[in-house]
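Please keep the view open beside you as you read.

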Amino acid sequence: MQMELGIVRPAVFQRRYLARRILDITLDPSTSIQREHVGAVNTIDIEEAEGRYLLSGGGDGNIHVYDLEDSERKERRIIKTASADPRIRLCDLKSGAFTHSLSGHRGTVLSVDWSPRHEYLLASGSTDTTVRLWDIRKSAACLCSLDLHNSNSPPLSEANSAHTRTVNGVMFTPDGLHLVTTGHDDKMRLWDLYTGQNTLANYGTMIRNQFVSNLTPLISPMSMGSPTFVFHPSDDRSILMFDLMDGSLVKRLTGSYGRVTALAWRPRTQEIYSAGNDHDILVWAPKSVDHENALKAIADQDTWSDSD
Amino acid sequence: MQPLQLNLEARQNLSDLILTITKTGDLYLDPEQVKQVKSICKKSDANVKATYELLMIQLQRKHAQIRYSSTQLIAELFQRSHVFRELLVADYSIFLQLTVGIHQNTLPPPILFAEKTKQLAISLTNEWNAKYGAVYKQIALGYEFLRYHLKVDFTNLVPVTEEARSAEQRAQEEMSRRLRQKRFEKVTREIEEKAEDIQDNLRKMDSCFDILVPKLDDEAVLSAVFNASAGNNHGDVSVDAEEMENEEIEGEGSNADSETPMQHDPLGVFENALGSNRYKLTINVNKDNPVDVEESEENSEVFTTLRECYRLIVKKHWPMVMEWLDVLMKADRESGERRQEYDRLLKLAIDLKKGVADAKSKSEDLGVNMDTMYGLHENNSDEDDEEFEQVDISATSADKKKGKQPKNDTQKLASANPVFAMHGAEILEDDPTYVGGTRTTAVRMAKQLTTAKSDNSSATTRSAAYESSTSTAEDEESRKALLARAPVVPWDDDLALWDKKEMAFNTSGLEFSHRFLGVGDGSNLVSQATLDRMKMRTRIYNPELPKVIKACRFPMSNGKLCMRRDLVRCPYHGPVIPRDEFGQIQLPPEEGGFIQEENMLDDVEEADLINRAVAAASSSSSSFGTRSSSRLQKDTSTWEDIEDDVHQALGLQKIEPKRKRGQAGGAASKKKKKPASALINISKPPDSARARLLKHVASKASKDSVEQDQRGERSELTRNSRLNRWGS
């Protein structure tokens, strides 16, 4: 009614529409990405300027660049590097030299993320079960180590730990107010960055996360007044979709035949790309109505025979 | 989608049905039960959902047979229900895990069914991918996964769903139809080309026949034929004119049940050596050579042509025409113009076949066949004439007496006792080819001969016999007496030697010692000891086991007798001792064991026993029938009875507390049998060689013996070490 009268503000309309589309997301039957990797796909990302090119790095040592608009594909080959160093090194992309070295972790750092709100704020998760926040401007860079139990111990206390086991994923929310972390204790936690406290959002027991590799949850774009969703790849070859704030499980996306290793969000079309260790990249898209109608016409009808 | 309301009753039904379907373990589902499941599912989507859940539970059972049946049922429902498809597709990777064993899952035993399940799931994935792959991405992904990661070969799969099967059938039919069409067209072309050739050939052969064989409609030829053959068959024989065209009378005989009556001409009768005109004639046409056309110098050209044509017909035209007919028969009947064309071709082919067959048989009648392909010189048909030899009459008559007949004689023998006297039989007797008349005379002659001979020979033999009998009469007497008491033994090697006093060996004189008979002492005789041994008879001893092992027959508490058959000792009732029909001991037992065991029964039991024995004794005196019936009942007593008895005696609980004593016979039949299921018991370890060995090796006795050995060895070692310690 409001829509018909045109009194819904465009922003609200957009938000609602977006939320609905995200809720509708499912495995896209029509588009598929050609299988190029001959090893597991470890990470994927979509470039931000155009939202058009998809990069994927595979265990076979190749990086593939896909053009999502047409099926053209370029290939570059680099040598994959891995580090088991307990320090975080910052590289200057212009000079290619190490500029900073942040020390404080006592285990391998598996995951880092920059805050979208403060450009000097960095979060890192490590095998020593801690999640640390860094201010790279300072020499004594570590701001605090997040604590699971919200105890009153000092922020850099040795006793603080964010998870009970290895932390392999940290992710800022798009507004930079919260931090999502996930670890091998099969838990995902949401931290309030103003207070540095655990929000105690309970995401249930469905998550399976046991592999020592970077596994970053994906957070859908935030907007006021509509729920934000977080997509967490689970080891049982599915992607779990939670409501970010109240932690309820919204949907379980199944269909991948390999462990999902990375997720990427394509903002323009609200699509999710998932990389699996079955060498495949899958496209998850909201159901498009006209397309559905055409396809489902065959499959939809029941074919009970009269004799039954 | 309508709200999912669970109808409890339907759900209960469903779960029962699915359990029974999946637990039968049969290779094929019971169509009746499947239909029931479908009809329940058809009612509402909630039922479909319930079915899906139940099936997934069954699919997770660790038994391949259950999984196989579940997969089959899933396949049935998948192609029916949209809701079911949605549900299954969401869990398709789980489905593949459980049926194909992807993601490091292994399928449970038995292996045979695991393999079957896997194949079925792969085929299903293949077919579903073809049909629903575009809509359900998960199936397509699963298909890709199987193809890419598991390297599953999707070619040459047996179609499993109905649609795929019917599609395949249609494709096959289409293919065979096309093949038929192709062959039909080919044959059409061939007929157009070759029909002319064949007809030419046939015409050629016909003209050859015209030259060789006289036609009946030609009066002159006909009369010539009859005049020519008047010498031996002068008669008005009523044979079909058309038959006469190809066939000629070859011989005749007199027979009582023939068909063609003679009509007149006593002269003919006379000349044909027929006793009377009242005989009936059968005209036997010689099947081997019905047309009496000889190949000669004049017509050899014609025969050569005929042979060529014949060869062409047999080798080429006949198979070709048959093939045409075959193809034409199988070809599709179409309507319209094609139909007319088809009919024309078929008619042409049939005509050709008839023509070719005629020509073939005609030329075979003329003696042209594949054996006589090369003309006169290699033809052995005229050797028949040389088979006739000069033989004296007595010899032939003797032959005839034995039932032999000359080769060229196709007639049946005349009846032994002719009713009418033969005219001119004396003359005919001289003719060696004549049989009918000579038979009786031959018999007579033979009689005369034997009687004449018997005058001489029988006299001599008799006299000889007399002489021998007189000379050996005494021997005969003693021989008879000896035979009367001589033992009769079956033949064996010793009989060859039994009367030998000595036996020579190695008569060649080259070698003294023999490999088997031993070294001679220069006398070339087998030693006495060896000879004695050779005279011995081999006998194989087979000890006879007691055939019937007696039953224990201890009276049990249920009124029956113990059925156990043991040689010496019944494990429950002590030593087996002779007992009467009621279990009473006939002889006192030698050992105390039995009595002790009996004493263990309590007093009530004993009283009961005695009462029953008394009752049985009284009933046995009154009627035999009841006793026999009780014996019958006794036969049906089972192990459980014995066990009950023993348990009772030992104060233990009965195994089956429900059963009442005294109704044991009925209770056994009442026992419910579990419904037979073809499920293989997988909890039982397979009977492998290892398991069998382990049973022996790991048994306590063998372990003990090994341990003992080791202990012995160890003690010996210590003893030895003590021994070796010097000087201490």
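1. A word on terms to begin: helices (H or I, at least four residues) and strands (E, at least two) are DSSP runs, numbered from the N terminus. This is a predicted model, in which local features need pLDDT of at least 70 and side-chain atom pairs count only at pLDDT 80 or more, while totals for chains, interfaces and linings use all residues. Residues are numbered from 1 along each chain as its sequence is written, chains are lettered from A and ligands numbered from 1 in the order in which they are written, and side-chain values use heavy atoms, with hydrogens and water left out.

2. In residues 253-284 of chain A, 59% is strand and 0% helix, and the end C-alpha atoms lie 9 Å apart. For residues 102-137 of chain A the end C-alpha atoms are 11 Å apart, with 50% strand and 0% helix.

3. Next, a sheet in chain A. Four strands, in the order 8-9-10-11, form an open sheet with antiparallel pairing; two strands pair if DSSP finds at least two bridges between them. Strand 8 (109-114) and strand 11 (142-145) of chain A are the edge strands, each pairing on one side only. From one strand to the next, the twist averages 20°. Five bridges join strand 9 (residues 121-126) and strand 10 (residues 131-135) of chain A in the antiparallel sense. Opposite Gly125(A) stands Val131(A) in strand 10 of chain A.

4. Another open sheet in chain A has four strands in the order 12-13-14-15, and its pairing is antiparallel. Its edges are strand 12 (167-172) and strand 15 (197-198) of chain A, each of which pairs on one side only. Strand 12 of chain A pairs with strand 13 (residues 178-183) of chain A in the antiparallel sense over five bridges. Met171(A) has Val180(A) in strand 13 of chain A as its bridge partner.

5. Now for chain B and its helices. How do helix 3 and helix 4 of chain B pack? Helix 3 (residues 45-59) and helix 4 (residues 64-78) of chain B meet at an angle of about 155°, with their axes 8 Å apart. Axes are lines fitted to C-alpha atoms, for helices over the stretch in contact, and angles run from 0 to 180 degrees between N-to-C directions. This makes helix 3 of chain B roughly antiparallel to helix 4 of chain B (under 35 degrees counts as roughly parallel, over 145 as roughly antiparallel, 65 to 115 as roughly perpendicular and the rest as oblique). Among the residues in contact (heavy atoms within 4.5 Å), Thr51(B) and Leu55(B) belong to helix 3 of chain B, and Ile66(B) and Leu77(B) to helix 4 of chain B.

6. Helix 1 (residues 8-23) of chain B also packs on helix 3 of chain B: their axes come within 10 Å and cross at roughly 35°. The residues that meet include Leu14(B) and Ile18(B) in helix 1 of chain B, and Ala50(B) and Leu54(B) in helix 3 of chain B.

7. Finally, the axes of helix 2 (residues 31-43) and helix 4 of chain B come within 11 Å and cross at roughly 45°. Helix 2 of chain B and helix 4 of chain B are therefore oblique to each other. Val34(B), Val37(B), Lys38(B) and Cys41(B) in helix 2 of chain B meet Leu73(B), Glu76(B) and Leu77(B) in helix 4 of chain B.
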